[in-house]
Amino acid sequence: MAPRTSAKICGMGHSMKRKEDPRFLQGKGNYIDDFTRPGMLWLDIVRSPIAYGKIVNIDTSKALEIDGVLAVLTGKDLEAYNLHWMPTLMSDTQMVLPTDTVMYQAQEVAGVIATSRYAAADGVAAVEVEYEAMTPVMDPFKALEDDAPVLRTDKEGQEDNLIWHWEAGDKEATDKIFDEADVVVREKMHVPRIHVASIETCGCLADFNPVEGHLTVYMTTQAPHAIRTVLALVAGHVGLSEEKIRVVSPDIGGGFGGKVPVYPGYVIAIAASVVLGKPVKWIEDRMENLQADSFARDYHMDAEVAADASGKIRALRIKTLADHGYADAQAAPSKFPAGLFSICTGSYDMENAYAEVDAVYTNKPPGGVAYRCSFRVTEAVHCLERIVDTLAHKVGKDPAQLREENFIPKEAFPYHSPLGWEYDSGDYQAAMDKAKEMIGYDDLRREQAEKRERGELMGIGVCSFTEVLGAGPSKDFDILGIKMFDSAEVRVHPTGKAIARFGTKSQGQGHETTYAQIIAEELGLPAAHVQVEEGDTDTAPYGLGTYASRSTPTAGAAGVMAARQIREKAAKIAAHLLEVGEEDLEWEPGTFSVKGAPDKSVSIQDCAFAAYTNLPEGMEPGMEATNYYDPPNLTFPFGTYICVVDIDRGTGEVSVRRFVAVDDCGNIINPMIVQGQIHGGLTQGLGPALYEEMTYDEDGNNLAGSFMDYLVPTAVETPAWETGHTVTPSPHHPLGAKGVGESATVGAPPAIANAVVDALAHLGVTHMEIPIRPDRVWGVLNARGVAK
Amino acid sequence: MIPPPFDYHAPGSLEEALTLLGRLDDAKVMSGGQSLLPMLKLRLATPANIVDIGRVPGLDSISEEGGYLRIGALVTETALEENATVAARYPILLDTAKVIADPLVRNRATICGNVAHGDPANDHPATMIALRATMVATGPDGERSIGVDDFFHGLFMTALQPGEILTEIRIPSPGQHSGGAYLKLERKVGDYAVAGAAVHLTLDEEGTVTQAGIGLTNLGMAPIRASAAEEVLTGQHFGDHSGLRGAFRRVREAIARTPSDDELIAAASQAAADATDPVADRRGSVDYKRNMARVLTTRAIHKALERAAARTPAGG
């Protein structure tokens, strides 16, 4: 689609260079650790070396002898203020600091406050904690057995380790289809525990002014407004009320869902600042970040598909066990404990489906956050896209063909899925056709057949996912009761430049550019003249923040609506300046002209100036509008990814030779940024597919607590991504746009896994658990006698 | 990630460094610091004193003289990678340097530090075993030479005495018909080896192996010399199955049931695998690691033979 605006205006469809990049590329960003205050103190945290046990004693005397160590805060100290615990965003509870029991390795046990980062670290090393270790519950299946110890004895009425049971769909009708179906396939699969591993760890600078009773917290958060409200709710009793709390989220070095929750470290820093009346800074190190902060995924799924003999899918049934660790500390909308897992019927039309999830407590760190994922969509898509391949192999069909035969046809939109979603728009065949053409699908299948003859292992993996993004409509979506709208406030200055503030918070997505382009598209002001601000609760309008690919669907739409309000006012001013009626005006981006007399025109800048200098009689001065946008529906982007892998029969190494990603995210605001989002997402899908996994031994020790063992792919491991797109606009978003930030993270793992399984299918392999490590592949090859 | 307090010393000469080491209690020598600093930050090492030899003059040279390649204590991996002599005559060293950590680390990390650290997961030890290198240690009583086979004593344990500094590594210059290769299997770039194999072969005019060196990385508590595998290869003639010689050989193989090249290499590789004693961890099972020792040894032998064959008689 050709852009509607000129390159000077740079509205939608222009690959404008990112406005934020000059400061990032020159090392001039303002990240949390760049902030400092006179007299600032440091917090460092004593953490539990064991996964489960009683605290017998905490001896702080040696720490307090160290030069520079001022205080050591324990759970008992916080208990005096009832701040030793906090609610999670899922209305579960979580310790800030323990008073008697530790529940997972690396749990916060005490906070050391010192005058320097070094003294704080020495203080941590000198705090002596005596534990009485207990046998931890690490296996989520064992956690549900009758003889399992009840972990959350602090919760009244909790008699087992089940957190909740969730289900969706018609079980009876689904079971009936399975009973009568020609073909049933089943796979058990685990989407393992992973970590967002953002480059910047978490941290904050809490600055309490005891004279004013005012608290400013600079912190790494994706949702500053919600955090301020939570702070006001949990700390109201110690005198912090919402008007006296300012949360500032500065530049963020990657969030990916991991910077939505409130971590104990933030609360300890705030408590320390309030108690001491001094600014207190807390910055996690990498190992603390990996070992203690919220994980993602960890869904054990038992999936079945019922089909007729030709492979036409009739029903889907999934039973899931979700390991949440010590607390349900995910950040999903309140009414969706299993997130949007019910998107699991994906791109395929079927008669019915039934999905259930049991969530359990174990002695692992709490979570799980939606890592670059719109709440459990990654798990759902992996499950479906893997088992659809199993079905294809079972009925002897090419996996691409089987998908095509089951696609929801484009005429069927808006489509009502068996589990209750109304898909806004889609053309799945178009994305599939484009992906197959880009990669040369038929030639690859011929090459694979030839290689198989020679004993070489090559596989082609297909994934046709449907995403659900942009939470969400207020009738269904809230977090702690706050509806999931988002907001924009646009003000045009007299000289025709503008500031636009939003309730979201960029963590690298490029909001300063795309939001400016949205305003440019609607107002015809050059995007270069639109200053975008987010993240300061004192100035930005209230919003729920950035995650779940919701910024464009919600705050972006709010920006459009606010800009349109301004344009309506500008039209009235233009009519006044041109001395014609409003109905006689024509609009093209940036200019109002008189119908039939195109040389008689005024620019949007002229209107802006007049809004402050030469108003029509009775009009309110200024040029400003605010919009709180409650989306009518979510957006459902989709795509087809095709991956080609080669497997080394000696070492079991999987090499991704090619990867084509065709995405459809509706109308595109900035093609370059979309492509960047896809590249990043694909790489973050490659990680869990082949490398990343957070594992524990039976004693509860984290086995991947640093980057030595938590293997994040680098540029060396990353293949040259090939991207393409189709455009199927959203019918309800004011720009026809959909979210895009998470499609690739969701779509890449099953495409890669399917490729590996495809390479081994002739050996009788139907499934490989991710991450598909070389030793796992070699084990399969060796067992089948084909390892070299 | 914050190290405990320590005293830092930066001597300006080797004598001063040795004096400091003699005088100070609980002192640790630092060259590039790329292994020591992470251990300090994790508080796994807590020496009271760090003696940084980074400013000691005369230790940063790399030269080929007297039948040896001499690598000084402060020669970095990057300097090794960029050295023309190494590239032309010691490709196995280049193989090794290139797969260590990442370029930022290699800009500071030293070859001698890599060896002196005594970590069986480090890459240079296996290569030094294959090349039959000599370690030169300087202490209060002067220099002494330690053969590579006497150098590695176990996990983080070497023949270096307290007060000694590994000042130089001497590698015998390769013969005219020789070649070597180092292969490392890693989970991702910068990782320690799942398994690594260094193979260096010296051939005579006829193409018969006169000396074989095979070292293995991260497959036991110390770097491993695969002696049995070396013996399998020594005295064997590989390749060149064309012409009269090839015909003779094929006849001989048929009559005497002499093993083929592939069978010999497989036997040597199996012998190398049998010499390992790996532990199961996130890099794989014992079975997997043993098999990777075998697979990598096979591949490294082939590469070493290729390189030996490609070398001109002038050795260039």
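Reader: How much area do chain B and chain A bury between them?

Author: Bear in mind that this is a predicted model. The two chains, B and A, bury about 2,200 Å² between them, and 59% of that is on carbon and sulfur atoms. On the side of chain B, the residues that lose the most area to chain A are B:Ile2, B:Lys188 and B:Arg282; together they account for 32% of what that side buries.

Reader: How many residues of each chain are in contact?

Author: The contact involves 24 residues of chain B and 29 residues of chain A.

Reader: How many salt bridges and polar contacts does the rule find across the interface of chain B and chain A?

Author: The rule finds three salt bridges there, and twelve residue pairs in polar contact. A salt bridge links B:Arg187 with A:Asp709, where the closest N and O atoms are 3.2 Å apart. Helix 12 of chain B (residues 286-310) gives the most to the side that touches chain A, namely seven residues. Sorted by class, that side of chain B has twelve nonpolar, two polar and ten charged residues.

Reader: Now the interior. Where do nonpolar side chains tend to be in soluble globular proteins?

Author: They tend to be buried together. Here the largest nonpolar core has 138 residues, and A:Phe341, A:Trp421 and A:Phe659 have the most contacts inside it. Helix 18 of chain A (residues 743-760) supplies the largest share of this core, eleven residues. Apart from this core lies another, of 49 residues, including A:Ala500 and A:Met623.

Reader: Which residues does A:Phe341 touch?

Author: Leaving out residues up to four places away in sequence, those touched by A:Phe341 include A:Trp166, A:Tyr299, A:Phe375 and A:Arg376.

Reader: What should I look for in the backbone?

Author: Look for exceptions, because most peptide bonds are trans and most residues other than glycine have a negative phi. The bond from A:Phe413 to A:Pro414 is cis, with omega near -5°. A:Pro414 sits in the loop between helix 11 and strand 19 of chain A. Another cis peptide bond joins A:Ile770 and A:Pro771, and A:Pro771 lies in the loop between helix 18 and helix 19.

Reader: Which phi does A:Ala106 have, and is A:Ala106 buried or exposed?

Author: Phi of A:Ala106 is positive, about 80°, although the residue is not a glycine. With a relative accessible area of 4%, A:Ala106 is buried, because the cut-off is under 20%. A:Phe256 also has a positive phi, near 55°, but at 24% relative accessibility A:Phe256 counts as partly exposed.

Note on methods: Residues are numbered from 1 along each chain as its sequence is written. Chains are lettered from A and ligands numbered from 1 in the order in which they are written. This is a predicted model: local features need pLDDT of at least 70, side-chain atom pairs count only at pLDDT 80 or more; totals for chains, interfaces and linings use all residues. Side-chain values use heavy atoms; hydrogens and water are left out. A nonpolar core is a set of buried Ala, Val, Leu, Ile, Met, Phe, Trp, Tyr and Cys residues joined through side-chain atoms within 4.5 Å. Buried means under 20% relative accessible area, exposed over 50%, partly exposed in between (1.4 Å probe, protein chains only). Helices (H or I, at least four residues) and strands (E, at least two) are DSSP runs, numbered from the N terminus. Contact means heavy atoms within 4.5 Å. Buried area is the accessible area (1.4 Å probe) that two parts lose on being put together, summed over both. A salt bridge is a side-chain nitrogen of Lys or Arg within 4 Å of a carboxyl oxygen of Asp or Glu. A polar contact is a pair of N or O atoms within 3.5 Å; within protein, one must be able to donate a hydrogen and the other to accept it, and residues adjacent in sequence count only if both atoms are side-chain atoms. Ala, Val, Leu, Ile, Met, Phe, Trp, Tyr, Cys and Pro count as nonpolar, Asp, Glu, Lys and Arg as charged, and the others, Gly among them, as polar.
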